[in-house]
Amino acid sequence: MIAKSCFLWLWLAFGVFGVDTDGLESVSVMEGDSVTLHTDVTDIQRNDQILWAFRIKNSDTRIAEIYKQIIDMHESNEIFGDKLQLDDQTGSLTIRNIRIEHSGLYKLTIFRSKGISYKYFSVTVYAHLPIPIIIISDSSQKSSSRKSSSSSKCVLLCSVVNVTHVTLSWYKGNSLLSSISVSDLNSSLSLPLEVEYQENNIYSCVINNPIRNQTKHLNINEVCQPGSERREHSTIILVISLSLLILITAAAVGGIYLHHKKNTRPV
Ligand SMILES: *[C@@H]1O[C@H](CO)[C@@H](O)[C@H](O)[C@H]1NC(C)=O
């Protein structure tokens with residue numbers, strides 16, 4: 001019975017004023033870019049009132065308003081400087097050169113003769129992505145299980161510092177090998193990768209957020225030195241040199257012997 005009358009009251013209260021609170025729009029934007037929060041109202045009347053608020057520490061601060069064709073930017077200067085622009089035709093709000101601290105909830109209230117409507121925008125501002133740095137942490141590490149073979153392994157380390165809400169991944173060609181994510185503020189991330197020297201492949205370390213990515217490519221042959229294979233090459237060269245030396249010596253000794261034999265032939 002109580003529930004029923006509550007429902008009736010709600011229906012009366014909101015039905016009459018036409019409250020519409022279903023709109024929550026997520027907006028992702030890169031730091032330094034501009035973003036426009038659209039009212040989606042096409043037919044603003046002179047008596048319509050459009051009010052924008054930004055939620056700071058759980059309280060809504062008025063940042064822009066248009067009523068009877070008069071624009072009032074309230075105290076928005078303190079938070080946004082002169083970055084805010086209110087379109088007097090649509091009531092849409094543009095934030096130019098947006099900063100990380102402008103991430104948060106924006107509330108739009110439209111008062112019209114036929115009722116009030118609300119719309120919320122959850123704005124996430126992403127920082128610029130640094131280019132990942134790859135270092136070769138060990139270029140001649142032999143795998144213990146295959147000590148006798150000529151295979152050597154490289155350990156590559158991809159890192160980024162001072163990042164927020166990013167994923168760091170290793171790719172071999174187009175296939176994803178491994179990845180690691182962080183959502184904390186100003187974190188550092190490192191992702192190691194062990195590769196075999198013989199592989200003639202392009203590896204890349206990619207950092208990305210939901211909007212952009214930055215890639216660092218690496219040709220394994222250029223950085224990962226063939227530790228044991230180089231030693232093997234020099235052994236082969238040594239063996240060939242020695243054989244040549246022996247052959248030349250043998251030829252020389254043989255030549256001298258023949259020459260000597262010819263000269264000492266009895267007459
Ligand atoms: C990086 O971004 C470009 C577009 O900017 C996209 O084509 C590409 O697939 C992205 N790469 C990765 C690994 O996410």
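# Chatting through a predicted model

Modeller: The protein chain has an accessible surface of about 17100 Å², and carbon and sulfur atoms hold 56% of it. Accessible areas here come from the Shrake-Rupley method with a 1.4 Å probe, and for residues only the protein chains shown count as cover.

Biologist: What kind of model is it, and what do the values use?

Modeller: This is a predicted model: local features need pLDDT of at least 70, side-chain atom pairs count only at pLDDT 80 or more, and totals for chains, interfaces and linings use all residues. Residues are numbered from 1 along each chain as its sequence is written, and side-chain values use heavy atoms, with hydrogens and water left out.

Biologist: How many helices and strands are in the protein chain?

Modeller: There are four helices and 16 strands. Those are DSSP runs numbered from the N terminus: helices (H or I) have at least four residues, strands (E) at least two.

Biologist: And what share of the residues is buried?

Modeller: Of the 267 residues in the protein chain, 31% are buried. Buried means under 20% relative accessible area, exposed means over 50%, and partly exposed is in between (1.4 Å probe, protein chains only).

Biologist: Which residues have the most contacts inside the largest nonpolar core?

Modeller: They are Leu-37, Trp-52, Ile-63, Leu-93, Tyr-106, Phe-121 and Val-123, in a core of 23 residues. Strands giving two or more residues to this core include E1 (20–30), E3 (49–56), E8 (104–112) and E9 (115–126). A nonpolar core is a set of buried Ala, Val, Leu, Ile, Met, Phe, Trp, Tyr and Cys residues joined through side-chain atoms within 4.5 Å.

Biologist: What is Phe-121 in contact with?

Modeller: Leaving aside neighbours within four places in sequence, Phe-121 is in contact with residues including Leu-24, Leu-37, Trp-52 and Tyr-106. Contact means heavy atoms within 4.5 Å. Apart from that core lies another one, of 21 residues, among them Cys-154, Cys-158, Leu-189 and Leu-191.

Biologist: Where does Cys-154 lie, and is Cys-154 buried or exposed?

Modeller: Cys-154 lies in strand E11 and is buried, at 0% relative accessibility. The C-alpha atoms of Cys-154 and Glu-194 are separated by 5.6 Å, with the two residues 40 apart along the chain.

Biologist: Switching topic, which residues does the disulfide join?

Modeller: Cys-158 and Cys-205, with an S to S distance of 1.9 Å. The rule asks for a pair of cysteine sulfur atoms within 2.5 Å, and the count comes to one disulfide. The pair links distant parts of the chain, 47 residues apart: Cys-158 is in strand E11 (residues 153–163) and Cys-205 in strand E15 (residues 202–208).

Biologist: Why do Cys-158 and Cys-205 count as buried?

Modeller: Because Cys-158 has a relative accessible area of 0% and Cys-205 is at 0% relative accessibility. The link itself is left-handed, with -90° about the S-S bond.

Biologist: Okay, the ligand. Which residues are around the ligand?

Modeller: Tyr-171, Val-206 and Asn-213, where being near means that a heavy atom of the residue lies within 4 Å. Alone, the ligand exposes 370 Å², and the protein buries 31% of that. A polar side-chain atom of Asn-213 lies 2.2 Å from an oxygen atom of the ligand.

Biologist: Last one: what about phi of Asp-40 and Asn-58?

Modeller: Phi is positive in each, though neither is glycine: near 60° for Asp-40 and near 65° for Asn-58. Asp-40 lies in the loop between E2 and E3 and is exposed at 59% relative accessibility. Asn-58 is in the loop between E3 and E4, exposed at 75%.

Technical notes:
A polar contact is a pair of N or O atoms within 3.5 Å; within protein, one must be able to donate a hydrogen and the other to accept it, and residues adjacent in sequence count only if both atoms are side-chain atoms.
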